[in-house]
Amino acid sequence: MLTIDDGQRFFNYRIAGVAIHNGKVLVHRGSGDDFWTLPGGRAEMGETAAETLQREMIEELNTTVEVGELLWFVENFFEYNNRSFHELGLYFSITFPPDSPLLELEEGEFQDEIGVRLIFRWQPIEALAQITIAPTCIAERLPAAGLGFQHIVHRDDASATRG
């Protein structure tokens, strides 16, 4: 994984997918977290962003995806578990195969390749305000996903930290 950890600060290079189907967006969270994120994960050395996203979807959901256009490049600064994070995130549109059973799933629990329990949910876009999505700047952009590339610099308010 492309990360740097100096004990107090953590750098993360993350690739995420924006899957929208029937007015809903696919989100996921760790079983112990109180916030949701878009599915994806950390890139491995020598892996393209599309390869990372395809690998992560196989590891987490046992399915292939088609990776589409790059929607957002996010420089994200936040606190999590009493540590400062600097994350570079690439967010791509993704689509599942038309016959994928995941398209009919409302919510389900899966395990990633290292045994972490992940809860996936198709969240109605019009009900995004009912959940916390990290980074918070993503929720407001989801209804307009696909309307052109954006570079976003986001700093979570220190009073709204995760973890």
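The questions and answers below walk through some strands, aromatic rings and charged residues of a predicted model.

Visitor: How many of the residues of strand β4 are buried?
Guide: Strand β4 covers residues 24–30 of this predicted model, and a residue is called buried when its relative accessible area is under 20%. By that cut-off the strand is mostly covered, the number of buried residues among its 7 being 5.

Visitor: What is the angle between the planes of phenylalanine 110 and phenylalanine 120?
Guide: Phenylalanine 110 lies in strand β8 and phenylalanine 120 in strand β9, so their pair ties together parts that are 10 residues apart in sequence. Phenylalanine 110 is partly exposed, at 23% relative accessible area, whereas phenylalanine 120 counts as buried at 1%. Their rings lie 5.6 Å apart, centre to centre, and planes over 60 degrees apart count as edge-to-face.

Visitor: Is arginine 55 buried or exposed?
Guide: Arginine 55 lies in helix α1, residues 49–61, and its side chain makes a polar contact of 3.0 Å with the side chain of glutamate 56. Leaving aside neighbours within four places in sequence, arginine 55 is in contact with Arg42, Ala43, Glu44 and Glu47. Because its relative accessibility is 18% and the cut-off is under 20%, arginine 55 counts as buried.

Visitor: Over the ring of which residue does the charged end of arginine 155 sit?
Guide: Two arginines can be described in this way, one of them being arginine 29, whose charged end sits over the ring of tryptophan 36 at 5.1 Å from its centre. For arginine 155 the distance to the ring centre is 4.0 Å, and the ring is that of phenylalanine 77.

Notes. Residues numbered from 1 in each chain as written. Predicted model: local features only at pLDDT ≥ 70, side-chain atom pairs only at ≥ 80, totals over all residues. Heavy atoms only, no water. Helix = DSSP H or I, 4+ residues; strand = E, 2+ residues; numbered from the N terminus. Buried < 20%, exposed > 50% of the residue type's maximum accessible area, 1.4 Å probe, protein only. Polar contact = N/O pair within 3.5 Å; in protein donor to acceptor, adjacent residues only side chain to side chain. Contact = heavy atoms within 4.5 Å. Phe/Tyr/Trp six-rings, centres within 6.5 Å; stacked < 30°, edge-to-face > 60°. Lys NZ or Arg CZ within 6 Å of the ring centre and 35° of its normal.
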